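I opened this model to look up its charged pairs and one of its helices. My notes follow.

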Amino acid sequence: MTSYPAWTPAPRPGIIPLHPLSFGVILGRSFSALRQNPKVLLGFALVVQTVAILVATAGIVAVGFATFGRLASLRPGTDEFETVLAGSIAISGATALVLSLASGALGVLVQGVVVSEVAHAVVAEKHTLGALWRRVKPVAWRLIAYSALVFLIVAVVIGVLAAGVIGLAVSVGPAAIVLAILLALSAIPLSLWLSTKLLLVPSVIVLEQASVFGAIGRSWRLTRGRFWPTLGIIVIISTSFGILAQVISVPFSFVTMGLTSVITPTGDPEPGQIIALLVGTLFAQAFVTLIQTIAVIVQSTAGALVYIDCRMRREGLDLDLSAYIDQRDAGTPAPDPYRRNVGRAMDGRWQPPAAYAGTQPGYPPPPTQYPGYQPVQSPPAGSPAPQQPAAAAEPPVAPADRPSSTDWTAPGADRA
């Protein structure tokens, strides 16, 4: 007895289905996509974040000791003391600025690697760190330039506003306080709006090889119409990891205080108290670094998925991804689907058949790309129905002397 297989739906090729994504799918896959390639993503991001924190901390501490240590040999209140103090503050601030830029550059490179991994995971491909880096390497300096541009713009804006508030405080103190509060409150929605509109810039740079300003404009256009879902994803992810970091750091601070009180019950500063404080701080920082690393991966994954969803809705990227998978599985060399049909306009509306175009209310006019097309015209109201031509008379059928070979019910019919 022959059994026929039951119908089953086509499996999802990668980490997401190849059609426009809902809010829940993007948010859920942002947290679960890390399981696709945890050794590469988590290991690489954790090493980069740890190195960035250690280098930045060591650099700031070393410069601080070297500059502020000179104040120990000077008498406070003298002109020389004030000059050395101002110079120490300026050098330490410049060092912190440079190291912050370096840390931001390393962080944006991690985002680029995560975007490359997500793009491959969507089409069910898993690559090594070297293969992912080869895709990011040609545009690495563009990612760094974008990060530096954002940092400098924010620094300039904050500096100008701070100078204005300080200048106002010299003459009108209460007005300066009110202005500072208003600026701080208005900065929250402004930062959320800009971070939402610019969320897709790293994905555009990596996947489309776009320039910095071209990626900014493209991210601005792609998020048009998808602002609120994108903002919701950003707020939920940032809030979740911020709360988690606080939940982990607070117990460590209590443990550190308990250890110091046990080691030094009199409260005098001793080597044991300092060691306990350092150990507790290092453990807390290690867990916070791990959480920050996972947060960078999840946020970068969310940005890549939002980018793919926006292109599916506006440009039909799901069609290009499906065609790429079919060609790849058939053994045919396939071009990069993310660089095909960039900017293609697809409104996604259902188009009626050409025979009905322009004949019913709500249908669009007949398409002009079909030459010779003539729409069906309805007769005016009250006019008589058109006369149909009379059918030709059928010739009489001669009686058959024997059963027809095509009549399977007649006796003696040929069934061969």
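I count a salt bridge when a side-chain nitrogen of Lys or Arg lies within 4 Å of a carboxyl oxygen of Asp or Glu. The model is predicted.

**Salt bridges**

I find nine salt bridges in the structure. I looked up E208 and R311: their side chains form one, at 3.6 Å from N to O. This pair ties together distant parts of the chain, with E208 in helix 7 and R311 in helix 10, 103 residues apart. E208 is buried at 10% relative accessibility. R311 is buried too, at 0%.

Next I checked R218. Its salt bridge partner is E315, with the closest N and O atoms 2.8 Å apart. Here helix 8 supplies R218 and helix 10 supplies E315, 97 residues apart. R218 counts as buried at 8%, and E315 at 4%.

R313 and D309 pair at 3.1 Å, N to O. Both sit in helix 10, four residues apart, about one turn of the helix. Is D309 buried or exposed? D309 is buried, at 1%. R313 is partly exposed, at 34%. Through shared partners, salt bridges join E208, R218, R311 and E315 into one network.

**R226**

I found R226 in the loop between helix 8 and helix 9. At 18% relative accessibility, R226 counts as buried, because the cut-off is under 20%. Leaving out residues up to four places away in sequence, R226 touches L21, D309, C310 and R313.

**Helix 11**

I checked the length of helix 11, residues 317-329. Its 13 residues should span 18 Å, and the end C-alpha atoms are 18 Å apart, so the two agree. Its buried residues are L317, D318, D320, L321, Y324 and I325. They cover an arc of only 160 degrees around the axis, so they lie on the same side of helix 11. Just after the helix, G331 has a positive phi of about 85 degrees.

Key. Residues are numbered from 1 along each chain as its sequence is written. This is a predicted model: local features need pLDDT of at least 70, side-chain atom pairs count only at pLDDT 80 or more; totals for chains, interfaces and linings use all residues. Side-chain values use heavy atoms; hydrogens and water are left out. Helices (H or I, at least four residues) and strands (E, at least two) are DSSP runs, numbered from the N terminus. The expected span of a helix is 1.5 Å times one less than its number of residues. Buried means under 20% relative accessible area, exposed over 50%, partly exposed in between (1.4 Å probe, protein chains only). The arc is that of the directions from the helix axis to the C-beta atoms. Contact means heavy atoms within 4.5 Å.
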